Amino acid sequence: MAKVSHLLLLFSISLYLATTAKSASPARGYDTSFIKSSCSSTTYPAVCVKTLSAYASAIQQSPRQLAHTALSVSLSKCQSTKTFVSKMTKMKGLKSREYEAVKDCLEEMGDTVDRLSKSIHELKHIGQAKGQDFLWHMSNVETWVSAALTDENTCLDGFSGKALDGKVKASIKAQVVNVAQVTSNALALVNSYASKH
C-alpha cells in the first residue's frame with residue numbers, strides 16, 4: 001500500500017508541474033488587463049487569470065481568441081487528467097469498486113476530450129459567420145462545453161460515498177476539480193464571446 005501511495009504522490013506532483021508550468025507566470029511585456037477583466041465574470045476568476053495570463057500575447061484584446069485559448073487550456077488539462085486516470089486503472093491494490101469508479105471516470109474524461117476538441121474545431125471554423133449561422137455554431141460550442149463539464153462532474157459522482165474514500169479518490173478528485181474549474185471558466189468566456197457578437 002505504501003508503494004501505491006508513493007506512486008500516487010509522484011503522479012500528482014508530475015501532473016501538477018506539467019499542467020501549471022505554462023501558466024505559472026504572466027506573459028512578459030504583455031498587458032493582462034483584458035484577461036483580468038474578462039475573467040472577473042467567471043466562477044473561478046483567480047484560476048482563470050492564472051491559466052490564461054501566459055497567453056496574453058496571443059489573446060491581446062480578442063474575445064474570440066480568449067474563448068479559443070480558454071478551451072485549448074481546458075482540453076490540455078483534460079488530456080493530462082485522462083492520462084493520469086488511465087495510469088490509475090493499472091495500479092495494483094485497487095479495490096473492485098475503486099477500479100470501476102476509475103474506469104468509469106476514464107470513460108468520462110475521454111468523452112470530455114472529444115467534446116472539447118469538437119468545440120475548439122467549431123470555434124476555429126466560425127470564420128466570418130454572422131446572424132443565425134454564427135448563433136448556430138456558437139450554440140454547438142456551448143452545448144459541447146456544457147456536456148464536457150457534465151462529464152467531469154459525472155466522473156466525480158462515481159467516487160461518492162465513504163466506501164471509496166482514500167488516496168485514489170483524493171488524487172483523482174484534485175485533478176478533475178481543477179479541470180472542471182477551468183472548463184467552467186471556458187464556458188463562461190465562450191458565452192461572453194457569443195453575447196458580444
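Helices (H or I, at least four residues) and strands (E, at least two) are DSSP runs, numbered from the N terminus. This is a predicted model: local features need pLDDT of at least 70, side-chain atom pairs count only at pLDDT 80 or more, and totals for chains, interfaces and linings use all residues. Residues are numbered from 1 along each chain as its sequence is written, and side-chain values use heavy atoms, with hydrogens and water left out.

**View 1. The protein chain has 8 helices and 0 strands.** Along the sequence the pattern reads α-α-α-α-α-α-α-α. Of the 197 residues, 44% are buried (under 20% relative accessible area; exposed is over 50%, partly exposed in between; 1.4 Å probe, protein chains only). Contact means heavy atoms within 4.5 Å. Among contacts between residues at least 6 apart in sequence, 77% join residues at least 24 apart. The chain exposes about 10100 Å², with 55% supplied by carbon and sulfur atoms (Shrake-Rupley method, 1.4 Å probe).

**View 2. The largest nonpolar core holds 50 residues.** Such a core is a set of buried Ala, Val, Leu, Ile, Met, Phe, Trp, Tyr and Cys residues joined through side-chain atoms within 4.5 Å. Leu52, Leu71, Cys105, Leu123, Met138, Phe159 and Ile172 touch the most other members. Two or more residues come from each of α2 (33–39), α3 (45–52), α4 (56–59), α5 (63–88), α6 (96–124), α7 (131–157) and α8 (167–196). α8 gives the largest share, 12 residues.

**View 3. Leu71 and its contacts.** Neighbours within four places in sequence are left aside. Leu71 is in contact with Leu116, Ser119, Ile120, Leu123, Val141, Val145, Ala186 and Val190.

View 4. A cavity is a set of points, on a 1 Å grid over the protein atoms alone, where a 1.4 Å probe fits but cannot get out; lining residues have an atom within 4 Å of a point. Grid points are joined across faces, edges and corners, and a volume is the space filled by probe spheres set on the points. The structure holds 2 cavities of 30 Å³ or more. Phe34, Ser38, Pro63, Leu66, Leu189, Ser192, Tyr193 and Lys196 line the largest. α8 gives the most to this lining, with 4 residues.

**View 5. The second largest cavity holds about 30 Å³ of space.** Its lining is Cys48, Thr51, Leu52, Ala70, Val182, Asn185, Ala186 and Leu189. The largest share, 4 residues, comes from α8.

Key. On a 1 Å grid over the protein atoms alone, a cavity is a set of points where a 1.4 Å probe fits but cannot get out, and a pocket is an open set with protein on both sides within 12 Å along at least five of seven lines; lining residues have an atom within 4 Å of a point.
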